[in-house]
Amino acid sequence: MTVLKIKDNAVVNKTKFKKINNITSKIADKTLEQLENEGIFLFPETITNSNDMTKEQMVLKSVNNNYLSSNVMGFLGYGNDQLIIESRFSTEKEDYFFQYLVNRVLKYPNIINLNASTNWDVQLSNWTLLLFSHYLKSALQKGAFKKYVYNEYNNSNVKGVIDVARHIQKNTPFVGNIAYTQREFSYDNSLMELIRHTIEYIKKKPYGNQLLRNVKDEVEIVIAKTPNYEYHNRPKIIAENKKYLVRNAYYHEYRILQRLCIMILQHYKYQVGSNDNQIHGILFDGAWLWEEYLNSLIGDIFYHPMNKKRKGAQYLFSTEKGKTGLIYPDFISKNSNNRIIADAKYKPINNISNKDYLQVLAYMLRFDSKKGFYLYPEQDNQEKLTLMLNQGSRYEHNVESRRDICVIKCGLRIPSFSNSYEEFLSKIKLSEKVFLKNFVTS
């Protein structure tokens with residue numbers, strides 16, 4: 001197996017990609033929208049719903065003799081070739097930081113080996129299994145999927161189209177029954193059956209019951225809605241779902257779940273495109289993972305507007321015709337008497353600059369806040385940095401710092417050089433305590 005590891009947001013010379021040229025030729029200079037349409041699995045849901053993973057962003061962008069990687073992390077494979085994009089904030093032999101972010105955001109214990117050194121097919125299968133429960137819960141929030149199906153019956157209560165051939169086969173000599181087919185609006189359809197097959201497949205894994213524990217109610221709903229489930233029908237169910245993908249935009253969560261189930265049941269050999277294209281993989285939005293991770297730490301004392309889910313929308317202005325200037329600050333403190341604005345930044349401290357300043361200052365003005373924060377991953381033991389807002393003008397030679405308005409760069413130290421994931425966990429728990437202490441007392 002040929003493996004190339006790179007970091008997100010890195011500049012890498014093109015010569016390093018020659019050994020995985022089959023992968024590079026299929027992803028270089030293609031937008032995430034193109035790759036998603038071709039079958040690469042992106043998390044979260046869709047790139048159009050993500051704050052930071054935009055349609056135009058690329059996994060690899062050509063610039064002269066280099067390729068530039070972006071905020072995405074994950075795994076891409078083609079035959080025996082593999083491209084791993086790790087977090088730039090991880091200095092471990094294994095990308096423990098990325099693994100920790102996913103486990104924390106998806107609320108899973110460390111029950112699956114997610115190490116980058118694991119066999120490619122095993123590694124990709126592990127990620128798809130972890131994502132299944134997340135998408136199952138998301139889809140079932142809209143209720144069980146229902147569509148028209150054709151059911152076959154053989155009784156005296158005829159309500160559909162008589163099936164002559166089947167009737168002769170089953171009812172000769174005639175004993176009063178009629179074979180017929182009836183079109184019904186049913187929960188027990190090919191998609192719900194596909195989800196049921198995936199659930200039964202995961203149950204057989206050593207850690208299957210633990211994976212499904214967080215979606216116990218959703219699993220019970222699927223089982224109740226699929227009384228015709230038969231193990232031997234699995235190939236037929238997979239083929240039918242590949243042929244008839246969910247198209248209705250309202251059920252886009254089911255469309256994503258459908259793709260994921262096919263990946264899992266086909267042993268993760270889900271293809272991109274057609275013919276000889278065999279590239280497959282999963283990509284994660286690193287900035288989104290970082291923001292959701294921070295929310296798990298400070299969510300008790302901060303509101304968390306979510307662009308991705310269109311929740312918590314705020315507006316800068318009001319006009320006679322209504323509100324305008326839609327904004328989604330990352331975090332707004334619940335303390336209205338001493339309002340704080342916090343912005344999650346998946347970037348080093350020195351890369352937090354002009355546009356970032358303007359954005360947070362606009363949010364602070366809107367919410368009458370005297371203090372703003374940039375919350376970022378820290379690698380170099382950098383102390384928190386306080387920036388006091390200036391007043392006055394250089395034209396009038398009276399510039400001086402105000403003492404009442406500031407923004408603070410507050411980093412969360414990412415551990416380095418751990419010998420195991422367990423050691424990494426103990427170190428980052430200490431980092432979180434220090435971070436929260438610095439953050440709350442600032």
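**Close-up 1. Leu 387 stands opposite Val 407 of strand 19 in this predicted model.** Strand 18 and strand 19 (residues 400-413) run antiparallel, joined by six bridges. Strands are DSSP runs of E with at least two residues, helices are runs of H or I with at least four, and both are numbered from the N terminus. Two strands pair if DSSP finds at least two bridges between them.

Close-up 2. Axes are lines fitted to C-alpha atoms, for helices over the stretch in contact; angles run from 0 to 180 degrees between N-to-C directions.

**Close-up 3. Helix 6 (residues 190-203) packs against helix 8 (residues 216-225).** The angle is about 125°, and the axes are 9 Å apart. Helix 6 is therefore oblique to helix 8 (under 35 degrees is roughly parallel, over 145 roughly antiparallel, 65 to 115 roughly perpendicular, the rest oblique).

**Close-up 4. Side chains meet where helix 6 contacts helix 8.** Met 192, Ile 195, Arg 196, Ile 199, Glu 200 and Lys 203 of helix 6 meet Val 219, Val 222, Ile 223 and Lys 225 of helix 8. Contact means heavy atoms within 4.5 Å.

**Notes.** Residues are numbered from 1 along each chain as its sequence is written, and side-chain values use heavy atoms, without hydrogens or water. In this predicted model, local features need pLDDT of at least 70 and side-chain atom pairs count only at pLDDT 80 or more, while totals for chains, interfaces and linings use all residues.
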